[in-house]
Amino acid sequence: MEQRNRMARMGTAAGVLMAAALSGCGGSSMNAGSMTSPSNPSPPAGTSGTPPAVAQAMDAGTPVSPAIVTADNTFALNLFQNLDAGATGNVAIAPISIAMALQILYNGAAGTTQQAMAQTLQLGAMNAQALNDANAALQGSLMNADPNVQITIANSLWLHLSSTPVLPAFTSMDETYYGATVGDLSGAPGNVNAWVDTETNGLITQILPTNVNYASVTAVIANVIYFKGQWTTAFDPAQTQSAPFTLADGTAVSAEMMHETGKFDYLAGANFQAVRLPYGQGRLSLLVILPNAGVDFAGFVSSLTIDGLNGWVSGLQTGTGSVGLPRFTATYGISLPPALTTLGMGVAFCPSNEANFSALATQPTCVSDIEHKTVVQVDESGTVAAGGTTITVGPGAVAAPAFTLTMDHPFLYAILDDQTGEWLFIGAMANPAAG
């Protein structure tokens with residue numbers, strides 16, 4: 001059953017910065033995929049609706065826990081900085097997509113694997129139940145936040161439906177709290193890519209790699225976010241002009257610079273300026289932070305802290321000014337295991353024989369890959385953006401079985417110095433009775 005949630009991400013503190021404003025900052029980039037739809041089977045049909053736990057939170061008026069917002073934003077900044085943002089090129093990530101996909105996976109982890117994921121995701125004292133409840137309240141709070149802003153957050157879980165080691169409790173959790181569509185891996189990667197294509201309105205058409213034998217994959221967890229917001233006050237296209245944009249190395253390129261004069265929330269810091277550009281009725285916005293000329297951009301990004309960002313946002317004051325913002329499209333894609341390993345959850349990745357996802361599947365399981373892709377388009381009318389995350393889990397290392405070894409036929413032997421590895425004696429025993 002397909003569940004698609006239209007939600008608006010909070011326009012406060014670092015959440016907006018990580019989700020949109022940093023889309024033009026540095027790192028390596030790649031194309032988000034061909035715009036040709038895959039020829040593999042279509043995604044499973046379903047009916048639109050609200051996940052049961054989200055509906056319950058909405059009916060009860062459950063408040064959003066500040067802990068989930070703090071966790072998501074802290075994880076977002078840590079990951080963004082780890083991707084060397086500002087060092088080599090554009091980076092654009094949708095951290096809510098990455099965090100939510102990993103939080104779904106967290107429900108299937110146990111032992112030291114779950115502890116490592118909790119540390120990486122900055123979950124603090126939240127266990128899986130508290131995390132799911134917090135996400136349900138967050139989704140309920142953000143749903144239909146602004147009539148001029150569309151945000152779709154969608155989840156899916158892909159299994160071998162004919163025979164799967166994935167536990168029913170895990171599937172039920174994903175459907176109940178995250179509205180997951182359940183699909184068949186027999187059509188992967190085509191049907192998964194088609195689902196992502198549909199949910200992102202064609203912005204991301206391919207996310208799962210094609211060079212994987214999905215017959216041996218245990219499950220794929222997928223999350224996408226789609227954003228379309230109109231500026232509260234649109235830029236006048238007649239004011240857009242070509243202008244120089246100076247790169248970090250001092251060279252200049254030409255950019256189509258949009259211009260607008262009016263009242264904005266603005267802050268002048270010690271070595272930067274910040275402005276907030278609202279969407280729709282003003283609940284969501286694009287926060288742009290511009291270091292002063294001469295400030296090393298990569299160093300500036302690496303020095304950011306959540307407390308600092310929150311302080312800057314709270315320090316914005318309304319003033320009259322002129323804003324120039326480049327019209328741009330940013331596409332970015334990356335495989336996340338290296339960055340997430342650096343952040344502390346390396347135990348979860350194959351070929352680790354210590355990964356523990358016993359709450360997800362009946363067989364030993366580890367994470368073989370996490371793919372993330374993002375597209376951000378900014379122009380005079382507003383912003384369209386999409387981010388997708390897939391987590392591929394497969395059979396993990398199997399514990400060595402108990403064994404019986406009887407030397408009842410010819411064998412080799414050696415006497416070793418185990419400290420140096422030196423072989424002191426080596427022999428072949430063909431007949432013990434020969435003397």
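This is a predicted model: local features need pLDDT of at least 70, side-chain atom pairs count only at pLDDT 80 or more; totals for chains, interfaces and linings use all residues.

Trainee: Which residue does Glu-256 form a salt bridge with?

Mentor: Its partner is Arg-327, and the closest N and O atoms are 3.8 Å apart. Now place both in the chain. Glu-256 sits in strand β6 (residues 252-268), while Arg-327 sits in the loop between β9 (317-326) and β10 (328-335), so the pair ties together parts that are 71 residues apart in sequence. Arg-327 has 36% relative accessibility, so it counts as partly exposed.

Trainee: What other salt bridge does Arg-327 form?

Mentor: One with Glu-380, where the closest N and O atoms are 2.9 Å apart. Glu-380 lies in the loop between β11 (365-378) and β12 (382-395), and Arg-327 in the loop between β9 and β10, so this pair ties together parts that are 53 residues apart in sequence.

Trainee: Is Glu-380 buried or exposed?

Mentor: Check it against the cut-off: buried means under 20% relative accessible area. Glu-380 has 10%, so it is buried. Salt bridges with shared partners link Glu-256, Arg-327 and Glu-380 into one network.

Trainee: How many salt bridges does a search of the whole structure find?

Mentor: The search finds 3. Another of them pairs Arg-276 with Asp-265, at 3.0 Å from N to O. Arg-276 is in strand β7 (residues 272-279) and Asp-265 is in strand β6, so the pair ties together parts that are 11 residues apart in sequence. Arg-276 counts as partly exposed because its relative accessibility is 22%. Asp-265 is also at 22%, so it counts as partly exposed.

Trainee: Let me step back to the whole chain. How many helices and strands does it have?

Mentor: It has 11 helices and 14 strands. The chain has 435 residues, and 50% of them count as buried. Next, look at contacts with a separation of 6 or more: 77% of them join residues 24 or more positions apart. Then the surface. The chain exposes about 19,600 Å², with carbon and sulfur atoms supplying 54% of that.

Trainee: How do I check a helix, say α3?

Mentor: Helix α3 (residues 66-82) has 17 residues, which should span 24 Å at 1.5 Å a residue; its end C-alpha atoms are 24 Å apart, so the two agree. Next, ask which residues are covered. The buried residues of α3 include Phe-75, Leu-79 and Phe-80. Just after α3, Asp-84 takes a positive phi of about 60°.

Trainee: Which residues have the most contacts inside the largest nonpolar core?

Mentor: They are Leu-79, Leu-102, Leu-105 and Leu-340, in a core of 86 residues. Helix α4 (residues 95-106) gives the largest share of this core, 9 residues. Another core lies apart from it, with 20 residues, among them Leu-185, Leu-208, Tyr-214 and Tyr-226. Beyond its neighbours within four places in sequence, its contacts include Phe-75, Leu-79, Leu-102 and Ile-370.

Trainee: Now the backbone. Which peptide bonds should I look at?

Mentor: From Ala-188 to Pro-189 the bond is cis, with omega near 5°. Pro-189 is in the loop between β3 (181-184) and α8 (190-199). From Cys-350 to Pro-351 the bond is cis too, with omega near 5°. Pro-351 is in the loop between α11 (337-345) and β11.

Trainee: And what is phi in Gln-122?

Mentor: Gln-122 is not a glycine, yet its phi is positive, about 60°. It lies in the loop between α5 (111-120) and α6 (128-142). Its relative accessible area is 33%, so Gln-122 is partly exposed. Asn-201 also has a positive phi, near 55°. Find Asn-201 in the loop between α8 and β4 (219-230). At 48% relative accessible area, Asn-201 is partly exposed.

Note on methods:
Residues are numbered from 1 along each chain as its sequence is written. Side-chain values use heavy atoms; hydrogens and water are left out. Helices (H or I, at least four residues) and strands (E, at least two) are DSSP runs, numbered from the N terminus. The expected span of a helix is 1.5 Å times one less than its number of residues. Buried means under 20% relative accessible area, exposed over 50%, partly exposed in between (1.4 Å probe, protein chains only). A nonpolar core is a set of buried Ala, Val, Leu, Ile, Met, Phe, Trp, Tyr and Cys residues joined through side-chain atoms within 4.5 Å. Contact means heavy atoms within 4.5 Å. Accessible areas come from the Shrake-Rupley method with a 1.4 Å probe; for residues, only the protein chains shown count as cover. A salt bridge is a side-chain nitrogen of Lys or Arg within 4 Å of a carboxyl oxygen of Asp or Glu.
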